[in-house]
Amino acid sequence: MRSLARRSVFRLAAAGAAAFCFATQPAAADQAVEDYVQGILDEAAPILAGADHQTMLDNIEALVDEYVDMRRIGRFVLGQYARRMSEEQEAEYYPLFHRYAKKIYRNTLSDYAGESLVVTGSVDRSERDIIVNSKIKNPEPGSSYANTVIHWRVYRSRDGDLSIVDAGADNVWLAIEQRSQFTSIIANNGGGEKGVDALIAEIKTRLEG
Amino acid sequence: MRLFAYIAASCLVLSGAAEAQLSGAGDDPEDIARDLETADTSPDGADADPWEGFNRKMFAINDGFDQHLMIPAAKAYRTVTHKKQRKGIRNFLANLRTPVILVNDLLQGEFSRAGDTMGRFVINSTIGFGGMGDPAERLGIEQHSEDFGQTLAVWGVDSGPYLVLPFFGPSTLRDGFGAGVDLTADPAFWVRTDPATYFRFSRAGANIVSAREPLIEPLADIRTDSLDFYASIRSFYLQSRKREISNGRTNYEDLPDIGEFEEFDDLE
């Protein structure tokens with residue numbers, strides 16, 4: 001577990017992005033949202049410390065189901081094609097995306113097995129779009145990855161409900177990377193509904209594999 | 001986290017800059033503003049890839065080279081070395097890159113960072129046993145990266161299209177040109193003797209293997225998770241490159257909206 005975690009930490013640093021994270025916008029920190037994310041991270045800590053790998057994966061999936069707004073992310077990663085889907089495609093795509101993205105989040109978070117994360121601050125892009133930063137609590141002494149910043153992008157709905165809509169490390173974001181893949185697949189398969197069909201087929205293949 | 005772009009590192013593996021990590025410079029608001037502004041010149045996403053057809057072909061060739069040569073070499077390297085030895089070798093190779101970083105620090109007017117670069121070189125080359133250790137970091141002088149692509153960005157040159165270079169991997173038109181210029185900032189480039197040539201090739205080989213080794217699993221994970229490996233790498237490269245150009249600073253304003261587009265309203 002620890003070696004996995006160390007590996008994952010190294011990956012982050014290897015990205016050439018280990019650095020201090022400067023909050024560059026003047027927006028005040030959002031304590032409520034920071035507490036929200038810290039609550040999730042606290043909930044995740046015992047899960048990530050779990051000895052049984054499969055149980056840990058199952059528990060992470062439950063956590064992702066509870067806190068990550070997959071529908072919003074699923075819409076975002078379609079880029080300009082989100083509005084070109086038929087109703088039938090939407091009905092097929094969103095559940096598939098949910099399963100696919102959950103797997104990605106699960107794999108990603110499981111790399112933090114044995115670690116716990118602590119919130120270090122937040123930046124409000126707007127009242128409803130807040131970035132919360134975190135880092136590994138008590139990194140190994142001398143670790144050059146101690147400064148790696150792990151971001152959580154939180155969306156506040158009109159009703160005030162909070163949800164996670166993206167995660168990143170050192171300003172490299174998962175949903176943005178997924179959007180690059182998804183729009184590329186759609187565009188390279190004729191765009192529009194035809195391209196979306198190709199994307200759906202691709203996700204199905206991946207999930208079945 | 002396989003998440004994020006250890007990939008960028010993979011890109012850097014091939015461009016020979018892999019060992020560099022970033023560090024924020026000073027807190028001067030003017031510095032911060034300038035760093036963020038210069039980083040804005042690199043768009044990400046499919047829109048920034050008008051040469052996708054060529055790039056995908058080149059990517060496939062590089063990938064074959066990676067699968068059949070680099071990964072086996074990296075695995076062999078891992079087998080015959082200890083982790084601490086590999087770290088020492090990484091430090092040593094990073095120290096050799098000092099001239100390129102220093103020149104670009106100066107070209108960017110980053111005199112404080114140039115001082116850091118020089119300080120690191122002197123400290124690590126002496127009490128760091130010729131660069132194998134990194135006592136400079138323990139003294140608070142952190143490693144940072146610069147290259148001529150970043151210098152051009154600071155000078156206001158746009159990134160240009162995304163470009164996959166043969167063997168060198170992901171880049172942009174500007175950064176690919178910059179990588180060529182960086183070759184000339186290397187003193188060994190100008191010494192045309194057999195030993196110098198041998199040194200250059202040996203160092204290049206060592207750089208590639210040393211940088212590829214820690215990425216064996218991360219890149220395999222990304223390949224497994226990706227629906228479109230090429231697009232995945234492209235995004236990771238462009239995202240992390242943007243941050244690199246801004247000297248490690250993060251610009252949240254640049255992020256695309258996720259939750260506030262009109263078309264998302266029906267989700268609530």
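## Helix packing in chain B

In this predicted model, helix α3 (residues 52–80) of chain B packs against helix α10 (residues 194–212) of chain B at an angle of about 80 degrees. The two axes are 8 Å apart. Angles of 65 to 115 degrees count as roughly perpendicular, so α3(B) is roughly perpendicular to α10(B).

On the α3(B) side, the contact is made by B:Met70, B:Ala73, B:Ala74 and B:Tyr77. The residues contributed by α10(B) are B:Ile208, B:Val209 and B:Arg212. Sorted by class, the contact of α3(B) with α10(B) has six nonpolar residues, one charged residue and no polar ones.

## Chain B as a whole

Chain B contains twelve helices and two strands.

Of the 268 residues in chain B, 49% are buried. Among contacts in chain B between residues at least 6 apart in sequence, 77% join residues at least 24 apart.

## The sheet of chain A

Chain A holds an open sheet of five strands in the order β1-β2-β3-β4-β5, with antiparallel pairing. The edges of the sheet are β1 (117–126) and β5 (172–173) of chain A. Each edge strand has a single partner strand, so one side of each is left without a neighbour in the sheet.

## Pairing around β2

Strand β2 (residues 129–136) of chain A is joined to strand β3 (residues 150–156) of chain A by six bridges, and the two strands run antiparallel. Within this pairing, A:Ile130 stands opposite A:Val154 in β3(A). The bridge partner of A:Ile131 in β3(A) is A:Arg153.

β2(A) also pairs with β1(A), in the antiparallel sense and over eight bridges. One facing pair here is A:Val119 and A:Ser134, the latter in β2(A).

## Burial of β2

How many of the eight residues of β2(A) are buried? Six of them are, so the strand is largely enclosed by the rest of the structure. Burial here requires 20 or more other C-beta atoms within 10 Å of the residue's own. In the sheet order, β2(A) stands between β1(A) and β3(A), and bridges join β2(A) to β3(A) as well as to β1(A).

Key
Residues numbered from 1 in each chain as written. Chains lettered and ligands numbered in written order. Predicted model: local features only at pLDDT ≥ 70, side-chain atom pairs only at ≥ 80, totals over all residues. Pairing = 2+ DSSP bridges. Helix = DSSP H or I, 4+ residues; strand = E, 2+ residues; numbered from the N terminus. Buried ≥ 20, exposed ≤ 12 C-beta atoms within 10 Å, placed from the backbone. Axes fitted to C-alpha atoms, helices over the stretch in contact; angles between N-to-C directions. Parallel < 35°, antiparallel > 145°, perpendicular 65-115°, else oblique. Contact = placed C-beta atoms within 7 Å. Nonpolar A, V, L, I, M, F, W, Y, C, P; charged D, E, K, R; others polar.
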